[in-house]
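Please keep the viewer open while you read.

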Amino acid sequence: MNNPIPEQGWVLLVEDDPNQAEAISEALHQAQFRVLCANNAQQALAHFDAHHIVILISDIILGHEFDGGFMLAKTIRQQCPSLPIIFLSERRDADDIWQGHQLGALDYLPKPLFIPLLVQKLHNLLQVTQGRLMAKTLEPESSVVDVRLTIVTNEAKVSWQNQSIQLTLTEFEMLTAFANQPAETVVTYDALRHATQGVVERNTINTHICRIRQAFRKVDTQFDAIQNVYGRGYKWRR
């Protein structure tokens, strides 16, 4: 199997639990990723100075630093504003997930971590960022649900009435659950979880939907297409 990351690039794993760090790094090595490990922010920053890091995977709690991963991400964002970041954490509150996404994280994976999911997420991320998805066409496609919504699948790009919408990878995955259905079709909570490979839990779906709405309202203040269907899920109203 070919290395999914170019020879000059590395995945940096920041995890202070040695058992978890070993398990995750071993799985990534088996999947042919080139991995560097750090157990605190200082080691992580030293790796950034010495290597070309293309993806950061970081726990949020690092040692005695309750928000150590968040603080690390803020520092790195100043140097590498477009670096893909995936947070890992036992903290599942909506506020923590919101804070992670505010820092530009592509994903926020809960612990205990299902490692094969992380590996698949990395493959998906690289396919998106390197433009290597085996799509039938590279042209933008209008979605089924609404002609005003355009999606470039192989680049995870979204536009609304020809204006770019900024979404995380998880939000993009959720949006495609609507885009592939006719308007007024109820997309259930289970379908939204499935669209993200189970990353989004039932109690955080509403938070993600709010973030998607906010992203659209930045370019269209009247956007109100995603409607809640009480107890069932959401639908797209044209």
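1. **Ground rules.** This is a predicted model, in which local features need pLDDT of at least 70, side-chain atom pairs count only at pLDDT 80 or more, and totals for chains, interfaces and linings use all residues. Residues are numbered from 1 along each chain as its sequence is written, and side-chain values use heavy atoms, with hydrogens and water left out.

2. **The overall picture.** The protein has eight helices and twelve strands; helices (H or I, at least four residues) and strands (E, at least two) are DSSP runs, numbered from the N terminus. Of its 238 residues, 52% are buried, where buried means under 20% relative accessible area, exposed over 50%, and partly exposed in between (1.4 Å probe, protein chains only). Take the contacts between residues at least 6 apart in sequence: 61% of them join residues at least 24 apart. Contact here means heavy atoms within 4.5 Å.

3. **Helix 2 with helix 3.** The axes of helix 2 (residues 41-50) and helix 3 (residues 68-79) come within 11 Å and cross at roughly 15°. That makes the two helices roughly parallel. For reference, angles under 35 degrees count as roughly parallel, over 145 as roughly antiparallel, 65 to 115 as roughly perpendicular and the rest as oblique. Axes are lines fitted to C-alpha atoms, for helices over the stretch in contact, and angles run from 0 to 180 degrees between N-to-C directions. Ala 41, Ala 44, Leu 45 and Phe 48 of helix 2 meet Leu 72, Thr 75, Ile 76 and Gln 79 of helix 3. By class, this contact has six nonpolar, two polar and no charged residues. The classes are simple: Ala, Val, Leu, Ile, Met, Phe, Trp, Tyr, Cys and Pro count as nonpolar, Asp, Glu, Lys and Arg as charged, and the others, Gly among them, as polar.

4. **Helix 8 and its partners.** How do helix 6 and helix 8 (residues 205-217) pack? Their axes are 10 Å apart, at an angle of about 85°, so the two are roughly perpendicular to each other. Thr 170, Glu 171, Met 174, Leu 175 and Phe 178 in helix 6 meet Ile 205, His 208, Ile 209, Arg 211, Ile 212 and Phe 216 in helix 8. This contact has seven nonpolar, two polar and two charged residues. Helix 4 (residues 94-102) also packs with helix 8, at an angle of about 35° and with axes 10 Å apart. There, Ala 94, Ile 97, Trp 98, His 101 and Gln 102 in helix 4 meet Thr 207, His 208 and Arg 211 in helix 8. The residues of that contact divide into three nonpolar, four polar and one charged.

5. **The nonpolar cores.** A nonpolar core is a set of buried Ala, Val, Leu, Ile, Met, Phe, Trp, Tyr and Cys residues joined through side-chain atoms within 4.5 Å. The largest has 53 residues, and those with the most contacts inside it include Leu 28, Ile 57 and Phe 216. Helix 6 (residues 169-179) gives the most to this core, with seven residues. A second, separate core of 23 residues includes Ala 41, Phe 48, Ile 53 and Leu 103. Leaving aside residues up to four places away in sequence, Phe 216 touches Leu 149, Val 158, Trp 160, Ile 165, Leu 175, Phe 223 and Trp 236.

6. **Thr 170.** Not counting residues up to four places away in sequence, Thr 170 touches Leu 106, Asp 107, Lys 121, Thr 196, Val 200 and His 208.

7. **Backbone details worth a look.** A cis peptide bond joins Lys 111 and Pro 112, with omega about 5°. Pro 112 sits in the loop between strand 5 (107-110) and helix 5 (115-129). Gln 32 is not a glycine, yet has a positive phi of about 75°; Gln 32 lies in the loop between helix 1 (18-30) and strand 2 (35-38). Gln 161, also not a glycine, has a positive phi of about 55° and belongs to the loop between strand 8 (157-160) and strand 9 (163-165). Gln 32 is partly exposed at 32% relative accessibility, and Gln 161 is partly exposed at 40%.
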